[in-house]
Amino acid sequence: MAPGQKMYPRATVKKIVKAHSKCNISKNADVMMFLDYVLFMQTLVKEAAIDAKQAGERGISARSVKKATADSLAKFKG
């Protein structure tokens, strides 16, 4: 990664959280939320790939993502 380049849009994450919850978040809470989001997406794609392979598809389809969503959400329910 190039020097000075950000890993993720921190201000955008804070704005989204503030818009949905109508309250400010602490200093590093946005980092934790973003990391949780990345882990969720990684798990979702992995599960969707497994479902797609079992169904004999050549790639990940919307159907396989929808099928894997419930399992992935259950894993990340806090």
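Tutor: A salt bridge is a side-chain nitrogen of Lys or Arg within 4 Å of a carboxyl oxygen of Asp or Glu. This is a predicted model, in which local features need pLDDT of at least 70, side-chain atom pairs count only at pLDDT 80 or more, and totals for chains, interfaces and linings use all residues. Residues are numbered from 1 along each chain as its sequence is written, and side-chain values use heavy atoms, with hydrogens and water left out.

Student: What makes the pair D30 and R10 a salt bridge?

Tutor: The N to O separation between the side chains of D30 and R10 is 2.7 Å, and the limit is 4 Å, so the pair meets the definition. Helices are DSSP runs of H or I with at least four residues, numbered from the N terminus.

Student: Why is D30 called buried, and why is R10 called partly exposed?

Tutor: Buried means under 20% relative accessible area, exposed means over 50%, and partly exposed lies in between (1.4 Å probe, protein chains only). D30 has a relative accessible area of 0%, so D30 is buried. R10 has 32%, and is therefore partly exposed.

Student: How many salt bridges does a search of the whole structure find, and what places K75 and E47 among such pairs?

Tutor: The search finds three salt bridges. In one of them, the side chains of K75 and E47 meet at 3.1 Å, N to O, a value within the 4 Å limit. K75 in helix 3 (residues 62-75) and E47 in helix 2 are 28 residues apart, and the pair links distant parts of the chain. E47 has a relative accessible area of 19%, so E47 is buried.

Student: What makes R63 and E57 a salt bridge?

Tutor: The closest N and O atoms of R63 and E57 are 2.5 Å apart, again within 4 Å. R63 counts as partly exposed because its relative accessibility is 46%, and E57 counts as partly exposed because its value is 25%.

Student: Why are helix 1 and helix 2 called roughly perpendicular?

Tutor: Two packed helices are described by the angle between their axes and the distance between the axes. Helix 1 (residues 10-21) and helix 2 pack at an angle of about 90 degrees, with their axes 10 Å apart. Angles under 35 degrees count as roughly parallel, over 145 as roughly antiparallel, 65 to 115 as roughly perpendicular and the rest as oblique. Helix 1 and helix 2 are therefore roughly perpendicular to each other. In this packing, R10, V13, K14 and V17 of helix 1 meet D30, V31, M33 and F34 of helix 2; contact means heavy atoms within 4.5 Å.

Student: How do you know that S72 is buried, and which residues does S72 touch?

Tutor: The relative accessibility of S72 is 0%, so S72 counts as buried. S72 lies in helix 3 and touches F40, T43, L44 and E47, not counting residues up to four places away in sequence.

Student: Why is K22 called exposed, and where is K22 placed?

Tutor: K22 has 72% relative accessibility and therefore counts as exposed. The place of K22 is in the loop between helix 1 and helix 2. Phi of K22 is near 60 degrees, a positive value in a residue other than glycine.

Note on methods:
Axes fitted to C-alpha atoms, helices over the stretch in contact; angles between N-to-C directions. Helix = DSSP H or I, 4+ residues; strand = E, 2+ residues; numbered from the N terminus.
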